[in-house]
Amino acid sequence: MVVARISPHRRTRGVVAVVGLTCLALTAAGCSKRATPAAGGSATGKTAAQVKVALVPGGPHPYFQPWKGAGVQAKTDFGLGETTFNETSGWDQTKQNDVIKSLAAQGYNAFGIFGVSPDNINSTFTDLEKQGFQVASLASCPAGNKNAAAFCLSTDVESAAYKAAKAAIEAMGGKGNLVHLTGNKVDSNTQRRIVGVQKAVDEAGGKVVLVQTITDIDVDLQSAQKAVADLLAARGKDVQGIVTTAYNPAVAAAAGVKQAGLSTKVVAIDDDKTILAGISDGSVSATVTQNPVGQGYVGSYVLMKLSTGCTMKQPGLVVDSGSFVVTKANVATYDTQRQARTTELKKAFDTDYLSCG
Amino acid sequence: MPDTTTSTASQAEPEAPAPAPVDQRRRGLPWWANPRVGLVAVVVALVAIFSGLRPSFLDVDLTLVPMQADITVFVVVGLAQLAVLSLGHMNLAVPRMAALSAFAAGFTYDKLHAPLVVGLLAALLVGTLVGALAGGIITWTGVNSFVVTLALDFGLLGLVALLYSWFTSGVAFSLHPDGMDALRSDTFNDYCAGPICGPPVPLVVPIAVVALVVVGVLFRFSRLGREILMCGSNARAALLSGIPVSRRVIQAHALSGLLCGLAGWLLAINNGAFSASVGENFLLPSFLAPVLGGTLLAGGAVSVVGTLLGAILNSVIQKGLNLLQFEVDQLQIYIGVVLLVALSLDRVRHVLADRRGVRP
């Protein structure tokens with residue numbers, strides 16, 4: 001038997017009226033706004049031992065793994081109270097906000113954050129600063145021209161993509177068809193990479209054609225491998241160069257081209273073992289490495305300095321953590337160059353960017 | 001607010017063991033046999049455990065306020081799915097309906113400089129229209145809602161990316177209309193009348209409360225809601241009873257779209273930007289909250305309060321496990337384990353109720 005109870009309209013109207021009045025009462029509750037005290041206490045004036053740094057990437061990704069060691073090293077070298085690495089944000093901005101607030105509730109008072117969504121992350125930074133925490137944007141800067149964190153220490157992604165595309169064009173002999181493999185299209189960093197590659201192609205004066213930009217294949221290695229296999233099957237011989245500006249597509253392209261035995265020139269990103277092996281055996285022309293260790297290590301150091309009383313001379317300053325083109329010529333020595341850049345960065349913060357009067 | 005499962009399914013006559021005594025039935029169910037009570041008990045137990053292990057679980061500014069803001073979004077997301085689960089349908093386009101609606105709101109703020117409420121209305125309108133379109137396609141083609149909404153989600157994914165690339169320099173609108181920042185970060189506690197300040201409840205919470213009440217009233221008391229449930233329970237019987245089933249299907253999907261619009265707008269407010277990534281993680285939570293709360297996937301029965309409790313349970317688990325600082329893999333395992341234990345406890349309560357001859 002089907003029971004459909006239909007109440008009198010009067011009863012419905014009564015409920016709706018009560019709801020309306022409750023809503024009005026709720027919205028009318030505020031008369032004047034008061035200043036709220038910061039949950040994290042004062043953002044400055046701590047000793048190094050009172051500074052607890054949390055390094056929070058957007059989610060699990062091989063790129064961020066060096067942050068773990070960098071945090072531990074920073075704790076030892078600078079006498080920090082605590083450092084932690086938390087990659088449970090799962091590439092979801094809401095979850096990342098939740099993870100950060102949970103870490104704050106656990107007593108962490110300085111945050112090095114790779115924001116999941118560069119478009120939203122300034123709001124998270126502003127909230128944290130309002131609550132008395134020190135915040136650094138690491139490995140990615142917020143979209144637009146404003147950085148609400150104390151500073152941003154990241155790869156200049158447009159410049160890195162430009163360098164990678166230049167290297168690819170050079171390897172192609174300055175002419176031919178180029179394909180760009182990259183990450184999430186609705187991420188503003190991807191948009192910057194696309195601009196960087198396009199700039200290098202434009203400079204080739206029409207001799208190089210960017211035939212395809214394949215996005216959204218940095219989710220995992222499988223999806224990147226599938227995209228590379230499809231690309232090589234469809235137009236392998238017509239493509240003279242592949243430039244990758246995301247980790248998984250780089251690994252997949254290096255392996256895919258080598259396996260297919262094509263003469264396509266691949267320029268990768270980052271220094272996965274597969275890629276470095278590819279450079280050594282000549283199947284990968286070059287790779288553009290970044291400086292995650294420097295970001296985690298120097299980022300933690302500067303957060304400590306800010307917590308102990310220093311200020312940024314220019315709040316929100318964007319600092320390039322460096323990108324390095326690695327070819328067969330310097331594959332054995334590039335890490336020295338990267339370490340030198342890290343030392344240089346720390347010195348630049350001490351002498352140029354921080355004010356510790 | 002209606003607090004019981006709303007169903008038009010026949011109140012199935014209990015099979016053996018023997019039915020409950022007539023006087024007990026007349027008195028209604030004992031309090032502990034109500035499924036919602038089981039969920040409340042699980043939530044209370046988890047809060048006690050987590051706050052015992054980590055006292056910071058009860059930190060107002062860093063735990064309780066952000067948790068309420070999250071629950072606000074996920075309750076509305078759950079209601080969006082509930083609206084079509086009432087029919088026995090699914091809406092796999094919840095993420096992109098939310099994204100498109102958030103685009104509409106962002107567009108009205110950024111390009112038309114409209115006030116906050118106008119953007120909200122634009123989001124609701126776009127959500128409703130897309131939802132109605134989904135319902136219309138399902139009705140006219142007779143294709144399963146799973147397939148139609150899946151295809152729609154793919155289509156909208158591309159459309160949203162295109163729209164952002166046409167109308168913005170990147171993938172988000174950067175303009176914040178007046179009131180957006182306050183709505184995102186303030187609680188009623190920030191506003192005082194003399195010495196009396198409001199409770200530490202985010203300003204967005206009443207919006208979800210209104211959605212809960214409206215959807216609850218619709219399915220519990222209105223003719224439209226009851227007819228939608230009848231269509232979900234038995235479409236043929238509903239048709240033979242003179243109910244315009246096609247129209248009800250379209251209306252239920254339009255309601256789902258409207259709630260997606262609200263959820264997208266709320267998430268954009270909470271996270272601070274109207275961007276293309278709004279809603280991309282909505283799909284699983286949209287099922288989790290209503291199903292945990294007792295809404296049937298088969299249609300014909302919904303529980304609005306259960307959806308609220310399901311969303312609260314999910315948020316409490318996430319927040320508690322976050323505070324315990326598990327590694328990423330451990331976290332996933334524990335979420336699964338805690339959910340299973342929570343649902344098993346509910347099942348134990350069900351079995352006890354059955355043995356005593358009372359059916360929730």
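A nonpolar core, as used in these legends, is a set of buried Ala, Val, Leu, Ile, Met, Phe, Trp, Tyr and Cys residues joined through C-beta atoms within 7 Å. A residue is buried if 20 or more other C-beta atoms, placed from the backbone, lie within 10 Å of its own, exposed if 12 or fewer, and partly exposed in between.

The views show a predicted model, in which local features need pLDDT of at least 70 and side-chain atom pairs count only at pLDDT 80 or more, while totals for chains, interfaces and linings use all residues. Residues are numbered from 1 along each chain as its sequence is written, and chains are lettered from A and ligands numbered from 1 in the order in which they are written.

**View 1. The largest nonpolar core, seen around Val76(B).** This core has 207 residues, and Val76(B), Leu259(B) and Ala263(B) touch the most other members. Domain 1 (48-155 + 292-323 + 333-355) and domain 2 (157-289) of chain A each supply at least three residues to this core; the bounds come from an automatic or database domain assignment. Beyond its neighbours within four places in sequence, Val76(B) has contacts that include Ala208(B), Ala211(B) and Leu262(B). Here, contact means that two C-beta atoms, placed from the backbone, lie within 7 Å.

**View 2. The open six-stranded sheet of chain A.** Its strands pair in parallel, in the order β3-β2-β4-β5-β6-β13. At the edges, β3 (82-85) and β13 (317-320) of chain A each pair on one side only. Strands (E, at least two residues) and helices (H or I, at least four) are DSSP runs numbered from the N terminus, and two strands pair if DSSP finds at least two bridges between them.

View 3. Four bridges link the parallel strands β2 (residues 52-56) and β4 (residues 110-113) of chain A. Look for Val53(A), which sits opposite Ala110(A) of β4(A). Helix α4 (residues 121-130) of chain A packs on the sheet, where it touches β4 and β5 (134-138) of chain A and makes about 160° with the direction of β5(A). Angles run from 0 to 180 degrees between N-to-C directions, with axes fitted to C-alpha atoms, for helices over the stretch in contact.

**View 4. Where the two domains of chain A meet.** The C-alpha centres of domain 1 and domain 2 of chain A lie 29 Å apart. Their contact takes 11 residues from domain 1 of chain A and 12 residues from domain 2 of chain A.
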